[in-house]
Amino acid sequence: MGVCDELRSRPPVPQTPDSVKLRARLLLLSAVVTVILVIDQVTKRLAVELLYGEPVVSLFGGFLKLLYAENEGAMLGLGGTLADETRFMLFVVMNAVLLGGLTIFLLTRSVLRRGEVVALALILGGGLGNL
């Protein structure tokens with residue numbers, strides 16, 4: 001059985017009135033995004049309070065090492081040498097536009113499974129934490 005056949009054989013998602021689906025989706029979306037944002041902000045604050053200006057913290061016999069670092073760019077410093085305005089446009093404005101599109105998708109897509117909403121809410125929360 002191929003991937004397409006498997007997708008076609010998925011049981012249909014039960015149809016309910018849009019207001020109920022939307023309300024449940026908003027609640028789930030809000031809960032997941034809030035939890036992710038709180039975890040993101042707490043871990044960032046802990047990193048500043050516990051690691052800033054301190055030597056590398058070695059855990060589990062050196063298997064895990066923690067050190068404080070700030071990244072001016074994106075992943076692995078990508079764009080760190082760009083002008084401030086360019087970096088702002090790429091990493092803040094574009095991120096906000098993409099997250100806005102994801103939010104619109106989450107709120108307007110007629111049928112989304114719970115797992116799909118959670119997965120996309122995790123992405124949304126992570127992106128919002130980096131704005």
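Here is a short chat about the predicted model shown above.

User: Hi! What is the mean pLDDT of the protein chain?
Analyst: The chain averages 83, where pLDDT is the predictor's confidence in each residue, from 0 to 100. A pLDDT of 70 or more is reached by 79% of its residues.

User: Which elements have the lowest and the highest mean pLDDT?
Analyst: Helix α1 (residues 3–8) is lowest at 62, and strand β2 (residues 64–66) is highest at 92. Helices (H or I, at least four residues) and strands (E, at least two) are DSSP runs, numbered from the N terminus.

User: New topic: how many residues make up the largest nonpolar core?
Analyst: Eleven, including Leu29, Val33, Leu102 and Leu120. A nonpolar core is a set of buried Ala, Val, Leu, Ile, Met, Phe, Trp, Tyr and Cys residues joined through side-chain atoms within 4.5 Å. Buried means under 20% relative accessible area, exposed over 50%, partly exposed in between (1.4 Å probe, protein chains only).

User: And which element gives the largest share of this core?
Analyst: Helix α4 does, with four residues.

User: How many salt bridges are there in the whole structure?
Analyst: One, counting a side-chain nitrogen of Lys or Arg within 4 Å of a carboxyl oxygen of Asp or Glu. Lys44 and Asp40 form the bridge, at 3.1 Å from N to O. They sit four residues apart in helix α2, so about one helical turn separates them.

User: Is Asp40 buried or exposed?
Analyst: Asp40 is buried, at 17% relative accessible area, while Lys44 is partly exposed at 35%.

Methods. Residues are numbered from 1 along each chain as its sequence is written. This is a predicted model: local features need pLDDT of at least 70, side-chain atom pairs count only at pLDDT 80 or more; totals for chains, interfaces and linings use all residues. Side-chain values use heavy atoms; hydrogens and water are left out.
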